Amino acid sequence: MKYEQFKTATLVALIGLSLFFTYQLWTYQPNLQALESESGESGNYADSMIGEERLITDLIQPSSMILHKDLEGYALMNPLNNRYDQTLTTLRQYQFEHAISADPVTTSAEGIELRFPDELPLQSLLAYFDGNYDQMNTSREVNRLLVYVTEEDTVNFTFASSEKEEFMSLRTTMPASDLKNLIYATDTESELATEVVKENDSTYLLLRNDIYVPTEKQVVRIYDYRLRNDEEMPMLINQRLFNDTDVPRANQLNGEYLFTDGSRTVTHDSTISYLNYSYPYSTDSQEESNRHIVEVAQEFINVTGGWTDQYAIDQVNKKDATDQAEFRLYVNHLPVFEHRLTTTSSDQDRMKMYVTRAGTQVVSMGRPLFQLEDRYTEQEREVSSGLDAVNQIKKSSTILWEDVTDIRLGYKATMTSSKRADLTPTWFYQLDGEWEAVVRSDEELTE
């Protein structure tokens, strides 16, 4: 009798376990919170963000703003002056009325020219100016914009691609008098005396690959930043990148932590505080994405932890079926480039993020693992003029002036330790798509 009771109890227990495990299978979800930190403690990162989600319009930054004053000539707007921001804000508040036939300006003009670091999706720039127009082709790319007064005393926005030599024009609600007030503002201290140091013979203003540089010295602040290295930051990003599996344990070698699930790989280089993600992708399919790489990159960074500090679209590289978007750190509208005190095994510029796509798949990403925190202004420095920078380049025996495509004032970031970064104003030149500091043989081009 007792044996029969034991069998009955055992059978009931087995049925109960079967029902329990069946329920667990039906309701199972991958454990996305099972990441072990380097200290061995489990972290909950499912709802955490290291930064914030941003729109593409938050990531657009003109590389220069040029005032065209018709017969009075032109001037660069000083990005360090409040008038720079105020002008951008004013231009963005007017609406587009309708598209018009392309109206490229061929001679001098009364207008404001905005140049962007690289070819950007037209749709994104329209959104940047809080406008849209459904009846036109917005799939094209542009890197120039001229806002100008027409012969009819109206205001047009003409977008252009200097690479593809294409134009698109829109009539706006902006009164001509408002634009003229922006061009001829009495605040002339915000304007820099300017010279064109390289020009071509294009008929159209927006297709001229002219290089404008200020002819006078500028006073620019030097910054000393404390860096915040959040210990949870790399772990959180890992959790998002390995989004359908538990994050693998780390293998450590020479200060570098490597995580891989056999297909995706993430490395945290603690020496340079940088993260690299790789997801090699190969397929015989010729499928291509119809989404722009800038849009894909912006969304990918949004969902893998978000944005920290102020980044802006800096460069778009396309080669065969591979696209890459780079976003550079900006401080006071000036781009920041890293300067290495010593040679390291990595040549990664830690002042930028990048996302690479092959076909329709994101195959790599890189981003710094630190954030700018407290800022200390030590002093102001008088920086040599852009014209002096050009003359120094021309004197160089290693730089071919004909190959230089742009010159910009920016910040040279020197990482004095893992906790601090010094930002020094420096002139940079662009050659073969890369930016290099302009230097004398004995010192930086600053005085």
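A nonpolar core here is a set of buried Ala, Val, Leu, Ile, Met, Phe, Trp, Tyr and Cys residues joined through side-chain atoms within 4.5 Å. Buried means under 20% relative accessible area, exposed over 50%, and partly exposed in between (1.4 Å probe, protein chains only). The model is predicted: local features need pLDDT of at least 70, side-chain atom pairs count only at pLDDT 80 or more, and totals for chains, interfaces and linings use all residues. Residues are numbered from 1 along each chain as its sequence is written, and side-chain values use heavy atoms, with hydrogens and water left out.

**Core.** Select Phe159 and Ile407. Of the 95 residues in the largest nonpolar core, these two touch the most other members. Next, color helix H6 (residues 293-303; a DSSP run of H or I, at least four residues). Helix H6 gives this core its largest share, six residues.

**Around Ile407.** Show its contacts (heavy atoms within 4.5 Å). Beyond four places in sequence, isoleucine 407 touches residues including Ile211, Val390, Trp401 and Trp435.

**Glutamate 436.** Now go to strand S24 (residues 434-437; a DSSP run of E, at least two residues). Glutamate 436 sits in this strand. Leaving aside neighbours within four places in sequence, glutamate 436 is in contact with Trp427, Phe428 and Tyr429.
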